[in-house]
Amino acid sequence: MPGQPFDRIAVLYNYLFHNTSKGHTVAVADILTNYRNHGYELEIKSFYRDKDVLNALDGIEIAYDHRTRGYWMKTDGFEPYELRLIVDSIQSSKFITQNVANRITAKVLSLTDRNTSAVLNRQAVVANRIRNMNESVLDETGRLYRAVREDKKVSFRFFHYDREKKKQYSKSGGRYIVSPYAILWNDGNCYLYAYEEEKARFSHFRIDRMEDIRLLALPRVGKDEYKEKDLTARQPKIFNMFSGEECLVKLRCINRLADVMLDRFGREIILTPDDEAHFLVNVPVELSPPFYAWIASFGRQVKILSPEKVVDGMRDFLQKSMDMYKNDGKM
C-alpha cells in the first residue's frame, strides 16, 4: 500500500528504468508527478532519500546530467548494442516463424528503457525474410536437447514441401530412430546431428523438417564414433550441410578474395602469394555439389589446382550444368 518505503522505492526504480538512459533524462518535477500518480504526495527531499537508497544497491547508479538538468539510471543490465545483437539475431533467423520472432523480440525489448526499445524496434525490421512454416518446431526442439542430456534416442517423421507446399514424408511416412548428439546452426537454419545405426553413420536433419519428435527409452549408440568428431573444426569444411569425402584442396584466388577465404575457413589458413594478383591456399573441405557450386560462383576468380580428382569433379559439375542448358538438355 502507498506509504511503505519499499513500494515507493520500487515506483522510482520502475519509472527511471523504463523512461531513462544515457542521453534521455527526466526532471525532478516529472519524478514527483510519477510519485503522485502512484498515490505518494512527496517533497523533493523524499526523492533524494529514495535516490540514495537505489544508489546503495549493487549495479545501480542514479546519475545527474547537468546539461539537461535531469536524472537517469545506469544499470549493469544489457548494453544497447548487446540488445541490438540479440534482436537482430532473432529477426534474421529463418528457423522461427515471424509470430514467434515478434513475441521473443517484444520480451527482449522489455529489458530496456522505452527510448532504447524504440530504436531497437525500428532496426529489427527485416523485409521479406523467408521463414520456417513449422510453428511447433521450437517446442519439439526442447525434446532433442533433453535426449542429448539424458543419453536417449529419439524418433520422428521427416518431410519436404512439394510445389503445392504440401508435406511429402520420407520413408513413406515411417519414423526415423536416431541417436542425437548436437544441435548445429548453418545459414540461419538449425540441424540435428545424429547417428543412424542402420546406416552406421552420422547425418544432418533440418529440425524444422522434423515432426512428432518423441523421446525413447533407449540408450544412444555411436558414442565412440562421436568422440572422434570435432564439430567446431568440421563446420567450415561442409557446404549447406552436405557431408562428403574430406579432402585438402589447393585453390588459386585473386587477391581481393582473401577476406572470403578467411571468413569461410578461419584465420589459421595460410595465404601464399602466387604473383602480384593472386594467392594460393590449401583448405580442408568435404566434397559435395554445394562445394563445387560455391567455387563456380566466383567464376574465373578462383581455380581448383589439386588434387586431380577434385579438378575432375569440378569439370564434371560444370559440364553437367552446361549440358542442361543446351537446346536438348534435360534436368
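Author: Strands β9 and β11 run antiparallel and are joined by 9 bridges, and within this pairing K250 stands opposite N282 of β11. Strands here are DSSP runs of E with at least two residues, helices are DSSP runs of H or I with at least four residues, and both are numbered from the N terminus; two strands pair if DSSP finds at least two bridges between them. This is a predicted model, in which local features need pLDDT of at least 70 and side-chain atom pairs count only at pLDDT 80 or more, while totals for chains, interfaces and linings use all residues. Residues are numbered from 1 along each chain as its sequence is written, and side-chain values use heavy atoms, with hydrogens and water left out.

β9 is also joined to β12, again antiparallel, by 4 bridges, with R252 standing opposite K303 of β12. β11 (residues 278-286) in turn pairs with β10 in the antiparallel sense over 2 bridges, and T272 has L280 in β11 as its bridge partner. Taken together, the 4 strands form an open, antiparallel sheet in the order β10-β11-β9-β12. β10 (272-273) and β12 (302-306) stand at its edges with a single partner strand each, so one side of each is left without a neighbour in the sheet.

Helix α10 (residues 258-265) lies across β9 (246-254), β11 and β12, running at about 25 degrees to β11. Helix α12 (residues 308-324) packs on the sheet as well, touching β9 and β12, and its direction makes about 140 degrees with that of β12. Such angles run from 0 to 180 degrees between N-to-C directions, the axes being lines fitted to C-alpha atoms, for helices over the stretch in contact.

The largest nonpolar core has 27 residues, of which V249, L251, M261, F291 and I304 touch the most other members. A nonpolar core is a set of buried Ala, Val, Leu, Ile, Met, Phe, Trp, Tyr and Cys residues joined through side-chain atoms within 4.5 Å, where buried means under 20% relative accessible area, exposed over 50% and partly exposed in between, with a 1.4 Å probe and protein chains only. At least two residues of this core come from each of β9, α10, β11, α11 (289-296), β12 and α12, and β9 gives the most, with 5 residues. Leaving out residues up to four places away in sequence, L251 touches M261, F279, L280, V281, V283, I295, V302, K303 and I304, a contact being heavy atoms within 4.5 Å.
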